[in-house]
Amino acid sequence: MAEALAKISQVQDWGMIQIRADLARAGEAIAAAAGVALPGQGRITTDGSRSLGWMSPDELLLVLPCAEAAEALAALQDALATEHALVLDVSDMRAVFRIQGARALDVLAKLCPADLAAMPEDGLRRTRAAQVACGIWREPGGYVLIGFRSVTDYLRGILTGAAAPGTQLSPR
């Protein structure tokens, strides 16, 4: 029997904090409070168990263990108290999947209209997987895909289908 192109698994223990602010004014305060260096445009920085991703010119996403989310939220709110900013725990409204394996890129190439092969190692890309919005970044051995929790079953289904044995993109 043929082997799946990649292993698809859902991540359950990640917290996520959305940060909206003037990054030029508040970037240093955000980085200090988050404990992660500020990423460049279209990038994600990681330090230990925390990652900070650039989502748009005025938006970052802090990804961290769920157990650390409340403390990080409070630290960010304090750091941005004098700024026009939004700091929001969005952990419960996101679904996270890992796509791991030698052909993880093939799985995503079937679903996403972005050239993920050209994405740098520290790149973060907002795109879509089939019909739903998502964010994707690399990690050792594969990729992470985040989407809205309301479409979790759909994402699981399309990822599993795209990874099904015998569905590789290269000639059979």
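In this predicted model, arginine 20 stands opposite leucine 86 in β6. Strand β2 (residues 14-20) pairs with β6 in the antiparallel sense over four bridges. Pairing here requires that DSSP finds at least two bridges between two strands. Helices (H or I, at least four residues) and strands (E, at least two) are DSSP runs, numbered from the N terminus. Residues are numbered from 1 along each chain as its sequence is written. Local features need pLDDT of at least 70, side-chain atom pairs count only at pLDDT 80 or more, and totals for chains, interfaces and linings use all residues, while side-chain values use heavy atoms, with hydrogens and water left out.

Five strands form an open sheet with antiparallel pairing, in the order β3-β4-β5-β2-β6. The edges are β3 (44-47) and β6 (86-89); each has a single partner strand, so one side of each lacks a neighbour in the sheet. From one strand to the next, the twist averages 20°. Angles run from 0 to 180 degrees between N-to-C directions, and axes are lines fitted to C-alpha atoms, for helices over the stretch in contact.

Two helices pack on this sheet. Helix α1 touches β2, β4 (50-56) and β5 (59-65), and its direction makes about 160° with that of β4. Helix α2 touches β2, β4, β5 and β6; its direction makes about 175° with that of β6. Contact means heavy atoms within 4.5 Å.

The two helices also meet each other. The axes of α1 (residues 23-34) and α2 (residues 69-79) come within 9 Å and cross at roughly 155°. The pair is therefore roughly antiparallel (under 35 degrees counts as roughly parallel, over 145 as roughly antiparallel, 65 to 115 as roughly perpendicular and the rest as oblique). Ala29, Ile30, Ala33 and Ala34 of α1 meet Ala75, Leu76 and Ala79 of α2. This contact has seven nonpolar, no polar and no charged residues. Ala, Val, Leu, Ile, Met, Phe, Trp, Tyr, Cys and Pro count as nonpolar, Asp, Glu, Lys and Arg as charged, and the others, Gly among them, as polar.

A further pair is formed by α3 (residues 104-111) and α4 (residues 152-162), packed at an angle of about 120° with axes 9 Å apart. That angle makes α3 oblique to α4. Their crossing is right-handed. Val107, Leu108, Lys110 and Leu111 in α3 meet Ile158, Leu159 and Ala162 in α4. By class, the contact of α3 with α4 has six nonpolar, no polar and one charged residues.

Technical notes
A crossing is left-handed if the near helix is turned anticlockwise from the far one by less than a right angle, and right-handed if clockwise.
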